[in-house]
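Visitor: I'd like a close look at one part of this model, the place where the two chains meet, and then whatever leads on from there. Please take your time over it.

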Amino acid sequence: MENPPVAESSTLPEPVNFETHPDQYRHWSLEVEGDRARLTLAVQEEAGLRPGYVLKLNSYDLGVDVELNDAIRRLRFEHPQVRVVTITGGLDRCFCAGANIMMLRSSPHGFKVNFCKFTNETRCQLEDASAHSGFRFLSAVNGACAGGGYELALACDRIVLVDDRSSTVSFPETPLLGVLPGTGGLTRLVDKRKVRRDLADVFSTTAEGIKGKRALRWGLVDALAPLSKFEEEVRRHEEELKAETPDKSDRSGIVLSALEPTESGDTVRYRHVTLTLDPEARTARVLVEAPADAACPADGEAARALGDTWWIFRAFREIEDALLRLRINRPDIGLVLLETKGDIATVLAADQLMESQQSHWFVHEVRNFIKIVLKRLDLTAKSLFAIVGEGSCFGGTLLELALAADRIYAINDPDVEVRMAVSSLNGGAYPMANGLTRLQTRFLGTPDQTKRVLGESSPFDIDTAEDLGLTTSAPDSIDWEDELRVAIEERVSFSPDALTGMEANLRFAGPETLETKIFGRLTAWQNWIFQRPNAVGKRGALSCYGTPNRPELDYQRT
Amino acid sequence: MAINYSEKIPNNVDLSSDKRLQRALERWQPAYIQWWKETGPSDFNDADVYLRTAVSVDREGWAQFGHVKMPDYRWGIFLAERDKDRTIPFGDHAGEPVWQEVPGEYRNALRRLIVTQADTEPASVEQQRLLGHTAPSLYDMRNLFQVNVEEGRHLWAMVYLLHSYFGKDGREEAEELLERRSGNPDHPRILTTFNEPVEDWLSFFCFTTFTDRDGKYQLLALAESGFDPLARTCRFMLTEEAHHMFVGQTGINRVIKRTIEVMNEHPGHDVREYGAIPLEMIQKWVNRWSSSSLDLFGAEISSNASTFFAEGLKGRAYEEKKYEDHKALDEAYEIDVWTGERITKEEVPLRNAMNEVLRTDYIEDNRRQVEVWNKTLERAGVDFRMEYPHRRFNRKIGMYANGHFDPQGNPVSAEEWNANKALWLPTPEDEAYVKSLMVKVHEPGKIAGWIAPPSKGINGQPFDFEYVKL
């Protein structure tokens, strides 16, 4: 009854669809009542994304988290008047048991990594909505709360734990499974909640967890509530949290309709984005087109009226979907070529509106959303080359795509008119996980250069771009194609593991934040552990969990 | 504080020279007495009850009878004699010497096991606390109180382990055992069955038959533990558990007997006209309590059960006597899996099926008991037979909780379930009827009309002995 070791398969996984809707949720339910919302988790055991595991005790897989991600998104755009969101468990005395162990065990390494990344991004988005959009999240822990369940609670603004003398919060990963609470758990424990490190150490090695009073004393939760008064107490905390947020009753939401791209062969065609795969060359092309016929909305309200048809918003929703598909469904793709097409003036007009109308909630939300998608791009474990070719429009917000890339190739030829441009949004609308803009991060040692770039008030040619330090290589049209071909062929020939590590190190210069620690330290260690025999070897702890075999650990420290 | 511990707390753990244990008990013992006075059979604190007290583990010492007020009962701490050569009987450590101290890596798991077991002991006292008021005879009242004080002693036994082997955490857990309360909306007992009220004596007899037998099987499994103090504690507890089941089994048998008497005296009449309990109604009580007790064994396929077995913490009943392969590593176990539509057979690794192995032994034991009741019916020439319901019936925990099954274990639709529920489980009318019979009979030698007197008394005393002096 040994578990066969899970090898990276050369065949592609069954594709995951990242689009859903509350009407289609199988695990979460989203109820909105005026300025309050409730997200209730009642996982359908048999409705896992893939066969072979049962989602017991409100444990989750990627499918469950896709719904949560969708719910947070819809709260921000469809229910902007909501001020407090309570997350709770819909099963009797069970909040959430975390990521499903059998699912993790039966998943190949790459999927585990991307699953962790996605769930981490979802939790960061809870905190982002709290920090930037006047939402507060209350975790109403009504029962067993283990591992990823407690990590979800940690991402909320406040945690209320039922005090029934038996329910605990716990991180059983290390003592039971030989892995880490890698969904931000260890980081948020000491960095966000500032739990003392020795207490955090005891907590993270006590499989059964910590009960009410001690959990409160140690700062693991914010409040306790007796079973009989649980609902009442939750209401009280909701009111308190609400008082921290502005009245948003004048906001009326938009409808997020499904993207529904058309797929044929190796092409996924959205309205403004086209994803083209070249599996043989291990590359993909993401082409973003600024529409020629797009009239820029006059003000924030007009933008809201356009809602999800506003091209810049829709384009980034499409970029996000394409990125998620690339990450999870296409492990075979190693290099993504980022391209744009259209009139740079269209982009700059949108930017201008996003700057002047940023106090309008919808515009604010769209800016914020673009920030989130760009962060996903930063965190995508594939090489990124921006291709600034003829007809491209890397200006302002779309320039960020290039700034997120590992290299920028631009054609520099007197016969080819190519322009790049900056807008004020490059100066602060889209901070990276490190808290800096992409320009600041790029010119970490030469801050004046950031100023110079931002001082370019109109589109500039590639000579200027080179001078400003925005291009990696700028061949003329004679060398262009060959230079690109060689660069691409060389890139995809390197070890994908080394590239992932190298890129993740080079992309995030500058200060550490909670986010960079989660994505750069916690998950990097987790991904290392996920490869080690003590976790996933034949007798590793993760492999043995739930089987008749006890783990046999190699006690040598590295 | 000079307390004569061996006088106040009979023990064979050398309490008088164990400073750590003394210090722990100095705090806990008064809290325990307070708990007993508040949530035990508190209206009978002043009654003199003819109780058996264990003062040592040998033949003379384990059963000393005498009248005593319950709060003054000498709750003792006893472990079965130590076998110096004992080795761990099962799991990955099989054959290694047993542990006299808790192995660090199993400390949390062991504490969890002990706390879960311990929590059931005070729970049942709380569940039964009002039954004294409706005791059908002094004999039965005394049995109730004997069961109660022994459950109290079982709590002591478990608390001894927590105090002696689990440090500060153990002391905190011991305190919380007195803080949780059966049926309390804020801090209930850990397991659901132990939060259901036991409000009538038919329930009490069912509880002591079925739920205490779960206790027996849990103790049998823990009595095999590689942690020797736990094994020895459980072995001694088993002798007491046997009496509780005796109370239940003979109790139901006496109810059946009385019903048969009334049927014979008034043929063609509903026995309810004469204050007896119809056999069909007894069956419903059996159905309720046996199904809820089956839940106590946990999920059919269990990672925890596998881990506990592998680590040598919790074995199978009669592990050493009954099995040859104590590793149980390469065997499979066939389980009826409910898919939501039908039952299919599935093989799971034996270690993951340990809950089911224990549950199966338990079911066999119950079936034998039901046959004893059927003998009574047969001898009386009554056609009715009691049935032990199928393990799938009326479950709240495990995979069968996701479906509906009749008492024979056949899947039924939700409509069928609702239509037949009143035939299978007690209805509010049934409960009201049984409750109406619950009147106190506190005179020596007298008994209520719904139950027959026992065939013999306690410790050679006659039935009309004054078992409780009120």
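Visitor: How many residue pairs are in polar contact between chain B and chain A, both at pLDDT 80 or more?

Guide: Happy to walk you through it. Please keep in mind that this is a predicted model, in which local features need pLDDT of at least 70 and side-chain atom pairs count only at pLDDT 80 or more, while totals for chains, interfaces and linings use all residues. Residues are numbered from 1 along each chain as its sequence is written, chains are lettered from A and ligands numbered from 1 in the order in which they are written, and side-chain values use heavy atoms, with hydrogens and water left out.

The count you asked for is 15 residue pairs between chain B and chain A, a polar contact being a pair of N or O atoms within 3.5 Å (within protein, one must be able to donate a hydrogen and the other to accept it, and residues adjacent in sequence count only if both atoms are side-chain atoms). On the side of chain B that touches chain A, at least two residues each come from α3 (107-127), α5 (167-179) and α9 (303-310), where helices are DSSP runs of H or I with at least four residues, numbered from the N terminus. The most comes from α5(B), which gives six residues. Sorted by class, that side has nine nonpolar, seven polar and 14 charged residues; here Ala, Val, Leu, Ile, Met, Phe, Trp, Tyr, Cys and Pro count as nonpolar, Asp, Glu, Lys and Arg as charged, and the others, Gly among them, as polar.

Now for the extent of the meeting. In contact (heavy atoms within 4.5 Å) are 30 residues of chain B and 26 residues of chain A. Between them the chains bury about 2200 Å², 41% of it on carbon and sulfur atoms. In chain B, N108(B), D186(B) and S303(B) lose the most area to chain A, together 21% of what that side buries. Buried area is the accessible area (1.4 Å probe) that two parts lose on being put together, summed over both.

Charged pairs cross here too: the interface holds nine salt bridges, each a side-chain nitrogen of Lys or Arg within 4 Å of a carboxyl oxygen of Asp or Glu. One example joins R112(B) to E208(A), at 3.2 Å from N to O.

R107(B) sits in helix α3 of chain B. With a relative accessible area of 28%, R107(B) is partly exposed, which means between the limits for buried (under 20%) and exposed (over 50%), taken with a 1.4 Å probe on protein chains only. The side chain of R107(B) reaches the backbone oxygen of F166(B) at 2.9 Å. Leaving aside neighbours within four places in sequence, R107(B) also contacts residues including Y165(B) and D169(B).

Let's move to chain A, where two salt bridges share E503(A). R491(A) pairs with E503(A), their closest N and O atoms being 2.8 Å apart. Because R491(A) lies in helix α18 (residues 477-493) and E503(A) in helix α19 (residues 496-507), the pair ties together parts that are twelve residues apart in sequence. R507(A) also bridges to E503(A), at 3.5 Å; these two are four residues apart in α19, or about one helical turn. R507(A) and E503(A) are both buried.

Another pair in chain A is R73(A) with E320(A), at 2.7 Å from N to O. R73(A) is in helix α1 (residues 62-78) and E320(A) in helix α11, 247 residues apart, so the pair links distant parts of the chain. R73(A) is buried at 10% relative accessible area, and E320(A) is buried at 6%.

Finally, R123(A) in helix α3 (residues 109-132) of chain A counts as buried at 1% relative accessibility. Not counting residues up to four places away in sequence, R123(A) touches several others, among them D65(A), E151(A) and R188(A).
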